[in-house]
Amino acid sequence: MPETDDKSEDTATFECNICLDTAKNAVISMCGHLFCWPCLYQWLETRPQGQVCPVCKAGISRDKVIPLYGRGGSKTDPREKLPPRPQGHRTEPEADYAGPGGGHRYVFGDNPHFLSFGIGAFPFGFFASSFNLAGGAGNPMEHQHRDAAGPADHQMQDQLVSKLFLWLACIFLLWLLMA
Amino acid sequence: METNSSSGSLLNKRLQKELMSMQREPSPGVSINSHTLHGNSLSQWIIDMEGAEGTLYEGEKFQLLFKFSSKYPFDSPEVTFVGPNIPVNPHVYSNGHICLSILTEDWSPALSVQAVCLSIVSMLSSCKEKKRPPDNTLYVKTCSKNPKKTKWWYHDDSV
């Protein structure tokens, strides 16, 4: 009697958490839960978004499970069957950080960012440049003719210029909207 | 073709295994109504449930209907209260529909009939006041027959 109990407990340890049968083509998740690869594959297919471990809801994915190879397992290659079980991962002792794949991905990831930034920055650039132009034109004039003028006059001039540019900005925005 | 037949056998095999383990190690207050299992394909089970001792439902008896689709265990079972006694509970509608997240979006194939039953027993046991959900009348009038078609809004995490 105790022997059969032991036996059932032993096999239960290696049961797939989905089909409740002894795991075939077994894979194990990073969180330590055992599944048949076909069972887990089907679950991952059911939920393409937000893939979680069926047992503990930890994040899980095709690349984050490890195949288990026991001694004297099935003679047929599991990968011949559909769906294939993912390969085991062997980490190289020194990972090449700036690999060609990594660099490529980096450029690709940044490109759209640059693009959107350029478009977004265009009106600001326009404002900034026109402002500078005005400032350049205004400043010599001040120096030449209004040097003696009091600070009040100076402020008025500034206010006028800022009002002018506020209007310009409004008109420009309107034009942007119309176009 | 191949996946279809294999998922079909997975369904039956798994239901057989669940049935055996529930009969071998039954949880207190939860048992399979064996009359419902005769002569059909295991696709519908009726579970007899008793209210847990020391709770508002002590001494009451309920029946749960489980319907399994061909995609079980990847798809959750359809679970409703049936029979003459539907528990009066803020998460159970008077038509037997149950608002419980593991029955829809939080379902996992590692859950089982037994796990669902235990969740429902504990949902009932944590109840402090017997009352129907606030939107019961409207929901029962307008809902689909299948509770899985309801877009549930889970708001009470205390259960």
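**Two chains of a predicted model**

Trainee: What share of the residues of chain A score at least 70?
Mentor: The mean pLDDT of chain A is 68. The share of its residues with a score of at least 70 is 51%.

Trainee: What is the strand order of the open sheet in chain A?
Mentor: Work from the pairs. β1(A) and β2(A) are antiparallel partners joined by 3 bridges. β1(A) and β3(A) are also antiparallel, over 3 bridges. The open sheet of 3 strands therefore has the order β2-β1-β3.

Trainee: Which strands of chain A stand at the edges of this sheet?
Mentor: An edge strand here has a single partner, so one of its sides lacks a neighbour in the sheet. On average, neighbouring strands are turned by 35° against each other, direction ignored. The edge strands of chain A are β2 and β3.

Trainee: Which residue is the bridge partner of A:I28 in β2(A)?
Mentor: A:I28 has a bridge partner in β3(A), A:I66. Also in β3(A), A:V65 stands opposite A:S29. On the β2(A) side, the partner of A:I28 is A:L34.

Trainee: What phi does A:G32 take in the hairpin of β1(A) and β2(A)?
Mentor: The hairpin has 4 residues between its strands. The phi of A:G32 is positive, near 95°.

Trainee: About what angle does the direction of α2(A) make with that of β2(A)?
Mentor: Helix α2(A) packs on the sheet. The helix touches β1, β2 and β3 of chain A. Its direction and that of β2(A) make an angle of about 90°.

Trainee: Is A:L20 buried, partly exposed or exposed?
Mentor: A:L20 sits in the loop between α1 (2-13) and β1 (26-29) of chain A. Its phi is positive, near 65°, whereas most residues other than glycine have a negative phi. Buried would need under 20% relative accessible area. A:L20 has 24%, so the answer is partly exposed.

Trainee: What is the relative accessible area of A:K57?
Mentor: A:K57 lies in the loop between α2 (37-46) and β3 (65-67) of chain A. This residue, too, has a positive phi near 65°. A:K57 is partly exposed, and its relative accessible area is 40%.

Trainee: How far apart are the end C-alpha atoms of residues 160-178 of chain A?
Mentor: An unreviewed UniProt entry annotates this span as "transmembrane region", along with residues 114-134. In the model, residues 160-178 are 100% helix and 0% strand. The end C-alpha atoms lie apart by 27 Å.

Trainee: Turning to chain B, which strands stand at the edges of its sheet?
Mentor: The open sheet has 4 strands in the order β1-β2-β3-β4, with antiparallel pairing. From one strand to the next, the twist averages 30°. Each edge strand has a single partner, so one side is left without a neighbour. The edge strands of chain B are β1 and β4.

Trainee: Which residue of β3(B) is the bridge partner of B:W45?
Mentor: Strand β2(B), residues 44-50, runs antiparallel to β3(B), and 7 bridges join them. In β3(B), the bridge partner of B:W45 is B:F66.

Trainee: Is the peptide bond from B:Y72 to B:P73 cis or trans?
Mentor: B:P73 is in the loop between β3 (61-67) and β4 (78-82) of chain B. Most peptide bonds are trans. From B:Y72 to B:P73, omega is near 5°, and the bond is cis.

Technical notes
Residues are numbered from 1 along each chain as its sequence is written. Chains are lettered from A and ligands numbered from 1 in the order in which they are written. This is a predicted model: local features need pLDDT of at least 70, side-chain atom pairs count only at pLDDT 80 or more; totals for chains, interfaces and linings use all residues. Side-chain values use heavy atoms; hydrogens and water are left out. Helices (H or I, at least four residues) and strands (E, at least two) are DSSP runs, numbered from the N terminus. Buried means under 20% relative accessible area, exposed over 50%, partly exposed in between (1.4 Å probe, protein chains only). Two strands pair if DSSP finds at least two bridges between them. Axes are lines fitted to C-alpha atoms, for helices over the stretch in contact, and angles run from 0 to 180 degrees between N-to-C directions. pLDDT is the predictor's confidence in each residue, from 0 to 100. UniProt positions are given in the numbering used here, feature names are shortened, and annotations may be inferred rather than shown by experiment. Contact means heavy atoms within 4.5 Å.
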